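I opened the model today to look up a few things, chain by chain, and kept these notes as I went. The entries follow the order in which I looked.

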Amino acid sequence: MSAAVGLAARSVWNRRGTAALTIFTIAVSVALLLGVQKIRVEAKASFANTISGTDLIVGARSGPINLLLYTIFRVGDATANVSYATYRTVAAHPDVAWTIPISLGDSHHGFRVMGTSSDYFAHYHFAGDHALAFAQGGPFSDLYDTVLGAEVADALHYRLGDNIIVSHGLGNVSFANHKDKPFRVAGILKRTGTPVDRTVHISLEAITAIHIDWQSGIQAPLDERVSADEARRRDLTPDSITAFLVGMKSKSTVFTMQRALNEYRKEPLLAIIPGVALTQLWDLVGVADMALLIVAAFVVTAGLLGMLTAILTSLAERRREMAILRSVGARPRDIFLLLVAEAGLLGTLGALIGVLLTYAGVFASRHWLEQRYGLFINVGPPSTIELALLGGVIVAAFAVGAIPALRAYGTSLADGLTIRI
Amino acid sequence: MTTRASPASATPPAIDLRGVEFAWTPGRPVISISRLTVRRGDRVFLRGPSGSGKSTLLALVAGILRPQAGTVAVLGTDLGTVRGAGRDAFRAAHLGFIFQMFNLVPYLSVLDNVLLPLRFSAVRRGRVANAEVEARRLLQELGLDPADVNERGVAELSVGQQQRVAVARALLGRPELVIADEPTSALDTDAREAFLKLLMQECASVAATLLFVSHDLSLSPLFDQTLSLPDINRVGSRRAAS
């Protein structure tokens, strides 16, 4: 390479104060860019990890995204229910391996209450083949037992054996409480990083029991109420549930079953494949994180423009240096290369330090992200996309360097050996 | 590019300008020289007050500028026949420059400043067996303390020391022609003559031609030949007359 390239490093070192600031600016912007990219990837993976192993989600006929949102993400409401008889029919189908009933509509301090069966703890999977596991206690053994998600227990400081009151409806502050039928915390699940953490689980029968003396959202007058113990003696088989999850014995029967359910004559049903619906939902949500990446790219651009300003400002005081270099035989091309190499060096160092900052940031926040948001940030070597982003930043730094380099090229042609100060 | 370092007697002059015309803007020439010759090995004093076209003349001899008319031959090479990068290479190989002041690249050590021409010229590298040893020898001959060479940054040197480093750089790799442009004007009177004698002695030891440009005629008796640019440059004399 040109003799000038060897000089670039010395020149940068000579101005190490300003150079360090420039490098740091680029490093921070690159760390932001890589951080956003890492979170984008992990958020998408974590999103896709919300549910796994389930072949079909079945609910009353509405939209696939709506069904996915209220069954899995605990967002929004069901418009109609599925009859328990239909659920039993599907559950008894010879191709069906297991089913998990879901009954929603109540809440506890803003956390949703979900009625289900013990099959939930056996068959619900997330993030590949992770099954639900208990941090403390176990599944329901009594009618008035509840199993809490990790975040519910953390946020409300519940321990095993505590009594909790379920509220009717979904408000954060509800005036209609099922306070005559308190629940005992029988189990607390390990953290999953999915909406399961924010769910209060009770049995389907318990859902029936707490609503046994309710009509149209109002509890019966005092003298007609059914006490908690009395409810135990009643038939607590529900009439309907909100939705249910289905695991098939063989994957090859999933589409057949899906079609059969969607064309079910006795009531209007919707069966969706979770993966497909998740992808559709991500297409909606993913726009926001693309916007984040674009913002990060603009921050990198600002960093490189800062470098451009620094180099352009230094040019005036470097005309003497250029004349000296010309006098010892440097070609205008060498002067051009000197400045491009300087910009490239600053950009490359900035990008590398940015990588280090990213890794340091990931190491520092990994535990917190995992606990708080269930994001498992992978600390492997940079991905292809990350390398491409880094390469882009470095190439852009060289390209930006061409601007002062062209100017110095022109000046050195005009000045020649004349030393201007 | 050709090197014409053939034996002394039949060699062409160090500088030979014939009918050279140069104008930055058409119709307003700054240089118009019918003939200017500097013999090999001579020590020539060129008196060049400001406004006499001195910088332009040096740029023409250095091959930075090309004349609109006439020929500029340096060490027998007609620079008009050499392309831009070739002239840069020719300058790197055969010429040494010393400027008025601020001769040194601030981010290089004293030693690296002296070695700078070798970075740009394989010809000059080829003439020095052990560059670093030679550079140190030159610096020592010029009276620079080895400790200064090793440890101090160029900015910490006095102006006189900086000028001597510049001489070492100009002479490293034995260029045939050394051009010194007002190298003593930043020095005080006592130091001037000592510096000049040192410069001449070093030029003689490598058999280099010395073209010394200054407006200070008090130094001219030390030279073989004294030329006056306002007399040679017809533009300059016209301007001086008007």
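Throughout, I take helices (H or I, at least four residues) and strands (E, at least two) as DSSP runs, numbered from the N terminus. This is a predicted model, in which local features need pLDDT of at least 70 and side-chain atom pairs count only at pLDDT 80 or more, while totals for chains, interfaces and linings use all residues. Residues are numbered from 1 along each chain as its sequence is written, and chains are lettered from A and ligands numbered from 1 in the order in which they are written.

Entry 1, chain A overall. I counted 13 helices and 17 strands in chain A. Its radius of gyration is 32 Å, whereas a compact globule of 421 residues would come near 22 Å; the radius is taken over C-alpha atoms, and the globule rule is 2.2 Å times the number of residues to the power 0.38. The C-alpha trace of chain A spans about 105 × 45 × 30 Å along its principal axes. For pLDDT, the predictor's confidence in each residue from 0 to 100, I noted an average of 87 in chain A, with 95% of the residues scoring at least 70.

Most residues other than glycine have a negative phi. I found that His157(A), not a glycine, has a positive phi of about 55°, and that His157(A) sits in the loop between α6 (150-156) and β9 (163-164) of chain A. I call a residue buried if 20 or more other C-beta atoms lie within 10 Å of its own, exposed if 12 or fewer, and partly exposed in between, with C-beta atoms placed from the backbone. His157(A) counts as exposed because it has 7 C-beta neighbours inside 10 Å. Arg174(B), also not a glycine, has a positive phi of about 45° and is found in the loop between α7 (159-171) and β7 of chain B; with 16 C-beta neighbours inside 10 Å, Arg174(B) counts as partly exposed.

Is α2(B) largely enclosed, or open, and why? Eight of the 11 residues of α2(B), residues 84-94, are buried, so the helix is largely enclosed by the rest of the structure. Among the buried residues I listed Arg87(B), Asp88(B), Phe90(B) and His94(B). What covers the buried residues includes α1 (54-62), α3 (110-120) and β6 (95-98) of chain B.

Two strands pair if DSSP finds at least two bridges between them. One open sheet of five strands has the order β6-β7-β8-β3-β9 (chain B), with parallel pairing, and its edge strands are β6 and β9 (225-228) of chain B. Over four bridges, β6(B) and β7(B) pair in the parallel sense, with Leu95(B) opposite Leu177(B) in β7(B). Another open sheet, of four strands, is antiparallel in the order β2-β1-β4-β5 (chain B). There, β4 (69-74) is joined to β5(B) by two bridges, and Ala73(B) has Asp78(B) as its bridge partner.

Counting two residues as in contact if their C-beta atoms, placed from the backbone, lie within 7 Å, I found 19 residues of chain A in contact with 24 residues of chain B. On the side of chain A that touches chain B, α1(A) gives the most, with six residues.
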